[in-house]
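Student: I have the sequence and the coordinates open. Can we go through the structure by question and answer?

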Amino acid sequence: MKKEIRTVYEEVGYNELSADEQKLVDEAREATERSYAPYSNFRVGAAIELDNGVRVTGANQENVAFPSGTCAERSACFYAHARYPEAKFKKIAIAARGTDGEFVAEPVAPCGACRQALLEYETLAQGPVEVLLVGKEKIYRLPSVASTLPFAFSEF
Ligand code: THU
C-alpha cells in the first residue's frame, strides 16, 4: 500500500507578515550578528515567540572541537525553555548569512537534530509552532515544526 506525507508551506514577502511575525523575523536577522562562527563563517540566528509575550533569540555557537558547538535553533529553544519553563512556544523564525556576510537568498531550514529538538517544545505547547524560514527576500511560512519532520521519533 502506497502512502504519502505532504508538507504545505507558503512563500511570502516581509510585507505580507503580521506585525508579530515581522518583529520575530527582525530579531532572527539581528541574532545572526551574535553568532559565533569563526570556523564556518555561516551565521545563523533564531528567534522564538513565547505565549507570555517574550521573544528569545539564539545564534549558532561553534567550537574548535566541531561537534561541541550548537545550532542557532537549539541555542534558542534550550535557552527559552530553561529561562521560561512554563511558557509555550508560539512561533520561530530562522535567518542566516552566508560566508559573504549577506542574508542567504534561499531560506535555510533547520537541521534534523534541531527539528527533533524543536518538536519537543511543540509537543509541550500542545499546539502548532509556526516556522518562518527567512531568506534575503523570500520567507517560507510553515504551519508547524511537525510539518518539517516526517517520521519524527516519538514515544518510547
Ligand atoms: N547551523 C545552524 O545554526 N542552524 C541550522 O539549521 C544549520 C546549521 C549552523 C551550524 C554551524 O555553526 C553552521 O551553521 C554551519 O553549518
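Predicted model: local features only at pLDDT ≥ 70, side-chain atom pairs only at ≥ 80, totals over all residues.

Student: Which residue has a side-chain N or O atom 2.5 Å from an oxygen atom of the ligand?

Tutor: Asn60 places an N or O atom 2.9 Å from a ligand oxygen. For Glu73, the distance from a polar side-chain atom to a ligand oxygen is 2.7 Å. The 2.5 Å distance belongs to Glu62.

Student: How much of the ligand does the protein bury?

Tutor: Start with the ligand taken alone, which exposes 370 Å². Of that area, the protein buries 74%.

Student: What classes of residue make up the shell around the ligand?

Tutor: Residues surrounding the ligand include Ser40, Phe42, Val44, Cys71 and Pro110. Asn60, Glu62 and Glu73 are also among them. By class, the shell has two charged, two polar and seven nonpolar residues.

Student: Which residues touch the most other members of the largest nonpolar core?

Tutor: This core has 27 residues. Another core, of twelve residues, lies apart from it, with Ala47 and Phe103 among its members. In the largest core, the residues touching the most other members are Ile48, Leu50, Cys77, Phe89, Ile92 and Ile94.

Student: Which residues does Cys77 touch, not counting residues up to four places away in sequence?

Tutor: Cys77 is one of the core residues that touch the most other members. With residues up to four places away set aside, its partners are Ile48, Phe89, Ala117, Leu118 and Tyr121.

Student: Is Thr32 buried or exposed?

Tutor: Thr32 sits in the loop between α1 (19-31) and β2. Its contacts beyond four places in sequence include Val44, Gly45, Ala95 and Phe103. Its side chain also makes a polar contact of 2.8 Å with that of Arg97. The relative accessibility of Thr32 is 0%, so Thr32 counts as buried.

Student: Why does Asn41 count as partly exposed?

Tutor: Asn41 is in the loop between α1 and β2. Its phi is positive, about 55°, although Asn41 is not a glycine. Asn41 counts as partly exposed because its relative accessibility is 43%.

Student: Is Phe151 buried or exposed?

Tutor: Phe151 lies in the segment after β6. Its phi is also positive, near 60°, in a residue other than glycine. Exposed means over 50% relative accessible area. Phe151 has 77% relative accessibility, so Phe151 counts as exposed.

Technical notes: Residues numbered from 1 in each chain as written. Heavy atoms only, no water. Core = buried A, V, L, I, M, F, W, Y, C linked by side-chain atoms within 4.5 Å. Buried < 20%, exposed > 50% of the residue type's maximum accessible area, 1.4 Å probe, protein only. Contact = heavy atoms within 4.5 Å. Near = heavy atom within 4 Å. Polar contact = N/O pair within 3.5 Å; in protein donor to acceptor, adjacent residues only side chain to side chain. Areas by Shrake-Rupley, 256 points an atom, 1.4 Å probe, with all protein chains shown as cover. Nonpolar A, V, L, I, M, F, W, Y, C, P; charged D, E, K, R; others polar. Helix = DSSP H or I, 4+ residues; strand = E, 2+ residues; numbered from the N terminus.
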